[in-house]
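Subject: A structure for you to explore

Hi there,

Here is the structure I promised to pass on to you. Please open it beside this email and click along as you read.

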Amino acid sequence: MRKQNLSKNLTAIMLASVMLVMPLAAFGQTRISMPKNKYKIQDDVKIGREASAEVERQMPILNDNEVTRYVQDVGRRLVNAIPSQFQHPEFQYTFQVVNARDINAFALPGGPMYVNRGMIEAARSEGEMAGVMAHELSHVALRHGTAQATKQNNPLNQILGIGAILGGAVLGGQQGAAIGQTIYSGFMLKYSREYETQADILGAQIMAAAGYDPRDLANMFRTIEQQSGGQRAPEWLSSHPNPGNRYNTINREAEMLRVSRNAVQDTREFQRVQSKLTRMPRAQTMEEIARASQNGRGQGQGQGGQNPMGNGRYSSRIAYPSSRMRTYSSGNWIQMNLPDNWREFPTQDSVWFAPEGAYGDQGITHGAMIGVAQARSNDLEQATEDYINGLLQAQGNNYLRQNSNYTRASLDGRNAYATTLSGRSPLTNRNEVVNIVTTQLRNGGLFYVVMVAPENESSSYNSAFRNILRSVRLGD
Ligand SMILES: [Zn+2]
């Protein structure tokens, strides 16, 4: 191991010295000029700072040190490669991963960048992920946001209204499913073709200077197109429209650039982070995230880790589960039936269902919850036991005890385990019964259905629970 590293280092040193003696004139690159901008550098910084506070209030930021640190490292490497004439010491480049499924990434004026988990999962290599980031960085470094406003002669406060648009339209929840789009269109300016070309070219230059292969930026556009499977173009492509022959433009620029012979294309770190992400519970789409914050309905209450049921008030009079069922589905991932009178509350890794009066900041007293837990073990019984132990140890659940062993069951034709917990609920002051059914997903995750009702109402709830379980269809 050590030996191999040493010889690799030697090659790198030798290569570096070869490069030093190469005449610089052998390389050319397209010259980019900063677009006209009537705003101050500080305006970019201020707009970006305000919008990023809004983003982090509304979007689930992935809370995983390893993943975040990795993306930050790639980001720093690119930032250091921004040509000096486009460096603004006032800018603060920061990098966060958004736990959303859509293939998207965006950067705000002045530096804050957000890369969706879906983008990292879609990239075929570190180079492709870095390509998207280099393109985004270029928009920031060239100050395209405020430059565009200069061109359109918009008053500055129209840009500052970004936060207001989000605060009002998204959280007010007037526009239903279309709201998912609003979140993004609010932050992501649709750039002109001219700016797209600039960001492609500067992006390629930054890639080369950072030791990547600029052609990976071109490749990433193809990868994203392919991932969309001919359906609606991913959000990222529509806010970064193809100025025409983008693929060729980038590759032509790459030919003029000094690209290191051992340019980084893929790394073990990227592979590790990507496989970690694919093993996590399925991320929500932006639309689901928006819907969740709409259901939360709070003034200024966003999704980012907050309890969407927080505004509920517990009541002692709860309507029986309606015998009319409705279908709940989430992408192709799951479909199931639910009593018509239960509301749904998606959170980052689970979805809760409860009737009015049965949910609040302490969880639910009547209803159900589904979700996916990361499993340490491939053994269903072991994974189930881990999950139940976690549940019992979770804050607020210490009144529950497991009062049966695991019983073999079946869920959507798969092997499953069922188990029952019970205890006196501090919310209802009555004995509560919690039935849990678990099965394994093909990616190794543990899918769970948790059903909750007071013991003395079991008879009214059991048939609803049976209907739910019978209707579950998993699409993994
Ligand atoms: Zn762009």
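Below is what I found in it, starting with the whole chain and then going place by place.

This is a predicted model, in which local features need pLDDT of at least 70 and side-chain atom pairs count only at pLDDT 80 or more, while totals for chains, interfaces and linings use all residues. Residues are numbered from 1 along each chain as its sequence is written, and side-chain values use heavy atoms, with hydrogens and water left out.

**The whole protein**

The secondary structure comes to 16 helices and 16 strands. Both are DSSP runs numbered from the N terminus: helices are H or I with at least four residues, and strands are E with at least two. Of the 476 residues in the protein, 53% are buried. Buried means under 20% relative accessible area, exposed means over 50%, and partly exposed lies in between, using a 1.4 Å probe and protein chains only. Now for contacts, meaning heavy atoms within 4.5 Å. Among contacts between residues at least 6 apart in sequence, 68% join residues at least 24 apart.

Look at H135 and H139 together: both lie in helix α5 (residues 126–141), four residues apart, about one turn of the helix. An α-helix has 3.6 residues a turn, so residues three or four places apart point the same way. Are these two histidines buried or exposed? H135 is buried, with a relative accessible area of 0%, and H139 is buried too, at 2%.

**Helices that pack together**

Next, find α9 (193–209) and α10 (215–227). Their axes come within 8 Å and cross at roughly 125°. The axes are lines fitted to C-alpha atoms, for helices over the stretch in contact, and the angles run from 0 to 180 degrees between N-to-C directions. α9 and α10 are therefore oblique to each other; angles under 35 degrees count as roughly parallel, over 145 as roughly antiparallel, 65 to 115 as roughly perpendicular and the rest as oblique. On the α9 side, D200, G203, A204 and M207 meet D216, L217 and F221 of α10. By class, this contact of α9 with α10 has four nonpolar, one polar and two charged residues. Ala, Val, Leu, Ile, Met, Phe, Trp, Tyr, Cys and Pro count as nonpolar, Asp, Glu, Lys and Arg as charged, and the others, Gly among them, as polar.

A second pair is α3 (residues 65–79) and α13 (residues 268–279), which pack at an angle of about 140° with their axes 10 Å apart. α3 and α13 are therefore oblique to each other as well. The contact is made by E66, V67 and Y70 of α3, and by E269, F270, R272, V273, K276 and L277 of α13. Those residues divide into five nonpolar, no polar and four charged.

Helix α12 (residues 246–256) has R246, T249, I250, N251, E253 and A254 as its buried residues. What covers them includes α5, α9 and α10.

- A208 is in helix α9 and is buried, at 10% relative accessible area. A208 and R258 are 50 residues apart in sequence and 6.6 Å apart in space, C-alpha to C-alpha.
- R143 lies in the loop between α5 and α6 (144–152). R143 has a positive phi of about 55° although it is not a glycine, and at 8% relative accessibility it counts as buried.
- N429 also has a positive phi, about 60°, although it is not a glycine. N429 sits in the loop between β13 (414–424) and β14 (431–440) and is exposed, with a relative accessible area of 52%.

Enjoy looking around!

Best wishes
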